[in-house]
Amino acid sequence: MAIYHMGPLAMDESFIYTFFPLLAAILLLIYIKSKEANEAPKEPEASPTYSLWNPDRKRSETSTSSFFQEPITALGDEVDVLSMPPHPFRPYKPVYHMTMGLEKCAPNDLFLIDSSYPSRIALRKQVVNEFPHISLGASERCGPAVKELYTYILSQHLPSRFPKLFTTSSVDREFKNHVSGDSYPLTPPQNSIDALKILATTVEEDILILQKESGRETYSLQGFIACFPNGFDSSKKMGMELREIHGPVPMFEEKLATSMDRFFGRLEVGKWVKRMNWTISTHEKLFLPTGNHHYEGEELPEELEFVDLEKTYLRVERQVLLRLPVSRDMVFFVKTYMTPLARIKKEGQGEALATAIDGVPEKLGVYKRRIVWGKAVKDALRA
Ligand code: HEM
């Protein structure tokens, strides 16, 4: 038997063959356990057979589904959202940084209803009837996503959050909008455009549905409600991937394209996020399939010498992004806020907005047509 001499210590061979493998096994076990303890617990995946709607549910009960990890709570009887002014979002900063700018969105805050709701819904009805092909679109493959969304919004979200404004009847299997007086079936129409038309005239938010391209890590536009597009025609963006959709946006490719694709690939069911976009609009039109942006090769109109702050607006988009639990498609909601610059000035925000206009990088400023309105708007805000 070999004896190993290590200074004052001496070990025989059988001890070495038993002790060291045992020590290695113990150390490996400790390492695995500590790694497990340090890892964040994994979100449970949504069940593919989640219950969409229980018609016998009492109104006051909170409603949860695998759409989100927090319950929807009903607004109390004392809250009259229709008498509340639109939320004064003022997202501009002294210097504009092109970032994803995403924050967590509570499920209760998916739809923000305020005093503009009745007039906006009336306008949306006009738009979908006059411009059906520009305001509504759906590819064949997004049918299941449209049905999933329709059922969630009409059967679950709206009646749970705003029980004074929207109710459902299990007898008639109907959704009732008590503001507009409209009733719709709880079962989604077979035709996706019919379903989108109902959604378009029930909520103020425009809705874009994106699906993963098979074999690629990218998402493309497969369905839309675009009653208030800010200068683009969604029907022309159908089938395009996010990168291509944002092609006209300066700095997008360098600053955002890769992180956005990655984010879309990773966003989990139940993790809703929101972000804001802002620009200046020299008119009050909400349905704008062209204009408000400058594209390469286009001629710019003359620089404005004067603007009327009552008729020039801060146009803010509040955007919410989520993944549908069953189809796993992505949905992007956009609510548009228009605030006359006269009000911004009255709030004492004139200088802050003028500074923010200067803080928009040159190329993005051209895209936003700052050359046309920039000086006149800043002069008026600072006067
Ligand atoms: C969360 C991710 C997103 C980010 C960070 C983002 C960012 C932006 C930015 C910075 C602009 C320029 C707007 C301006 O300053 O006036 C823009 C424009 C635009 N975005 Fe997004 N966006 C996102 C998601 C989406 C999605 C999901 C769609 C769906 C189709 C979309 C469609 C558009 C369109 C159509 C434009 C106008 C492009 C044009 O002028 O033709 N965006 N986006």
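**Rings, burial and the ligand**

Tutor: Y117, F162, F166 and F175 form one aromatic cluster. The model is predicted: local features need pLDDT of at least 70 and side-chain atom pairs count only at pLDDT 80 or more, while totals for chains, interfaces and linings use all residues. Residues are numbered from 1 along each chain as its sequence is written, and side-chain values use heavy atoms, with hydrogens and water left out.

Student: How many aromatic pairs does the structure hold?

Tutor: Rings of Phe, Tyr and Trp (its six-membered ring) pair if their centres lie within 6.5 Å; planes under 30 degrees apart count as stacked, over 60 as edge-to-face and the rest as tilted. The structure holds nine such pairs. One of them is edge-to-face, Y92 with W278, at 6.0 Å centre to centre and 75° between the planes. Y92 lies in the loop between helix 1 (13–38) and strand 3 (103–104) and W278 in strand 10, so this pair ties together parts 186 residues apart in sequence. Helices (H or I, at least four residues) and strands (E, at least two) are DSSP runs, numbered from the N terminus.

Student: Are Y92 and W278 buried or exposed?

Tutor: Buried means under 20% relative accessible area, exposed over 50%, partly exposed in between (1.4 Å probe, protein chains only). Y92 and W278 are both buried. For F111 and F333, the ring centres are 5.7 Å apart and the planes are at 85°, so the pair is edge-to-face. F111 is in the loop between strand 3 and helix 2 (117–130) and F333 in strand 12 (residues 330–340), 222 residues apart. F111 and F333 are buried too.

Student: Which residues are closest to the ligand?

Tutor: A residue is near a molecule if one of its heavy atoms lies within 4 Å of it. Here 23 residues surround the ligand, and the closest are K237, H246, Y295, Y367 and K368. A side-chain N or O atom of Y367 is 2.4 Å from a ligand oxygen atom. For K368, a side-chain N or O atom is 2.7 Å from an oxygen atom of the ligand.

Student: What classes of residue make up the shell around the ligand?

Tutor: Ala, Val, Leu, Ile, Met, Phe, Trp, Tyr, Cys and Pro count as nonpolar, Asp, Glu, Lys and Arg as charged, and the others, Gly among them, as polar. The shell has 17 nonpolar, three polar and three charged residues.

Technical notes. Polar contact = N/O pair within 3.5 Å; in protein donor to acceptor, adjacent residues only side chain to side chain.
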